[in-house]
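Trainee: I would like to learn how to read salt bridges in a model. Please take me through some cases.

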Amino acid sequence: MPTIARFIVFLLLFCLLLLPNIQAQTPSAQMVALDSMMNTLYLSDIDSCLRLNERIEAIAKEVGAKDWIGKSKLNLAFINTIQGDYIESVRLIYEAIDLFEKEGDDKGLAESYEQLAIVLKNLQKITESNEAAQKQLELAEKIESKELFINAKMILASNMMQNKDLEGAENAYKSIIAYIKKNITETDLYEIAIYNNLAIIYKSQNRLEKAIIYSQKSIDLNLKKQDYIALVKTYNNLASTYADMNQIDKADSILSLSQYYLSKVNAPNTHYNSYISYANYYNKLKRYEQEANYLKKAIDMKDSLNAINQKEQAIALEKEFKSKEDRIKIKLLEAEVEKERVKNAYWVITVVAIILIIVAILYSVKQKIKMQKEQKQKVDLAFANTKKELEIKNMNNEKLNLEKLNYQQAIQLQQLENEKMKTLKQKTEIRKAELERQLEIKEIELNASIISTLRRNEALQALKQDLREVNNASTLIKKLDRIITVEEEVYVTSTKFEEVNKHFFENLKQINPKLTHNDLKICVYARMNMSTKEIADITNRSIKTVEGTRMRIRKKLKLDAEESLNEFLKAIPLLDSSKIIA
């Protein structure tokens, strides 16, 4: 139990440590919610946006969230941009840039440079705007943000248009379209803006057919999105383009479509701008009556807009009177929320603590059951091990008896094998001795035959020499030469010669298969220690020829200069050792 108590105390301390984290997460969620509310109110209620932004900044400073402090400065800069205070916007954006640089927040920096580029463009500082957009582009590539990358490219292209670099702007917009089609899923909003700008560029360059193509692309996308306000503006530009091309019927048809979609729009500003556009169109065509009609409508709409503005000012004054009361209500509500949040946090800790205690008790019971089960398993395992050891001991005894029997049988087999090998050895020795005796007898007979042949050849050679001294004895000398040669060939090819030297020839052929029959014959004579002259006499060849043959044999047998051919040949066995047993 002391272990369980320590475990429960540890879990309670862990819950208390979690409390500050629970409290710290709530302000972050609160700031996200407030920022989301601001995004829906930018164009309708600037005062509420300012109050919400003040609250975001206060929470961010309280919890030390510098990224949110920077974001609140960007929000305030955007509000100032809407109100036309560009100088204050630039100051706030540079403060946000300083914060994001210190924090190393590349995304915040990229968003800051984007807003700065837009404000500088509105101030007609195009060079500085391009520098800011270029920095945004570099940061977007670093953090791999496709949206920020495209926005930077769009700002740079727009600045080119403002600088009258229409060709550069055209190329820039085309490269952006290629990029978004490759990397972005939802491309319609980007394409609408780009196609409209390309249509304006081509119209300015008097490339009216291309202007019509890109206006039509923009119209197709606006119809898909059902953005009638943008559709009316695009139709107005397209009608003006057709008028410039003197295609009046087509221009009137397009203008009718603009008027049709204008009837679906409940936006006074759009109506006013469209009426002015219609009046300019009819003025270009010298249709002054229709021009006057739309100018009158534009004036009436202007009066209506003024009335709306007056009403909006009255509403704004009323909101101003209620703002203080709203602030007090918000603070009271925040206090209540904070109190409820703390209360809920402690309730959470209490519930978690109870759950942990229950878990600890269940864990203790489970451990006790587990220990009992383990003890039973140990007893069963010990019994099983004892039983197994007895079985192993019996098996070992049987194995020992079997090994002993096998050993005795192996000894008997070894003795039989030894006796068999001894008998075989004796037979082999007897057989070898018999073969050696037979071979010795054959060699004696062969040597006697060779000596006899050699002496006969010597006598014949002497006779040949004597005959040389006799006149007209050449025919007889040639006949004697043939007799000597035939005698030698008969001997060499005799059965006895082949039988005695058969295995000797086979062993030589194994060393070098290229040895000729003449080489083998010379090897037999050399093995018998016959001199070069004796070999020359018995073979009826010159000494020089025999010496040449011996040199070729040495090369074929790969003998060194200091090695004796006779001794090498004597070392080659005459018998086939593999057949002695047989």
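Mentor: Begin with R207, which counts as partly exposed at 30% relative accessibility. Buried means under 20% relative accessible area, exposed over 50%, and partly exposed in between (1.4 Å probe, protein chains only).

Mentor: This is a predicted model, where local features need pLDDT of at least 70, side-chain atom pairs count only at pLDDT 80 or more, and totals for chains, interfaces and linings use all residues. Residues are numbered from 1 along each chain as its sequence is written, and side-chain values use heavy atoms, with hydrogens and water left out.

Trainee: How many salt bridges does a search of the whole structure find?

Mentor: A salt bridge is a side-chain nitrogen of Lys or Arg within 4 Å of a carboxyl oxygen of Asp or Glu. The search finds 16.

Trainee: Which side chain meets that of R207 in a salt bridge?

Mentor: That of E170, at 3.2 Å from N to O. E170 is in helix α8 and R207 in the loop between α9 (188–204) and α10 (208–225), 37 residues apart. Helices (H or I, at least four residues) and strands (E, at least two) are DSSP runs, numbered from the N terminus.

Trainee: Is E170 buried or exposed?

Mentor: Buried, with a relative accessible area of 6%. E170 also forms a salt bridge with K174, with the closest N and O atoms 3.1 Å apart. These two are four residues apart in helix α8 (residues 166–183), so about one helical turn separates them. K174 is partly exposed, at 32% relative accessibility.
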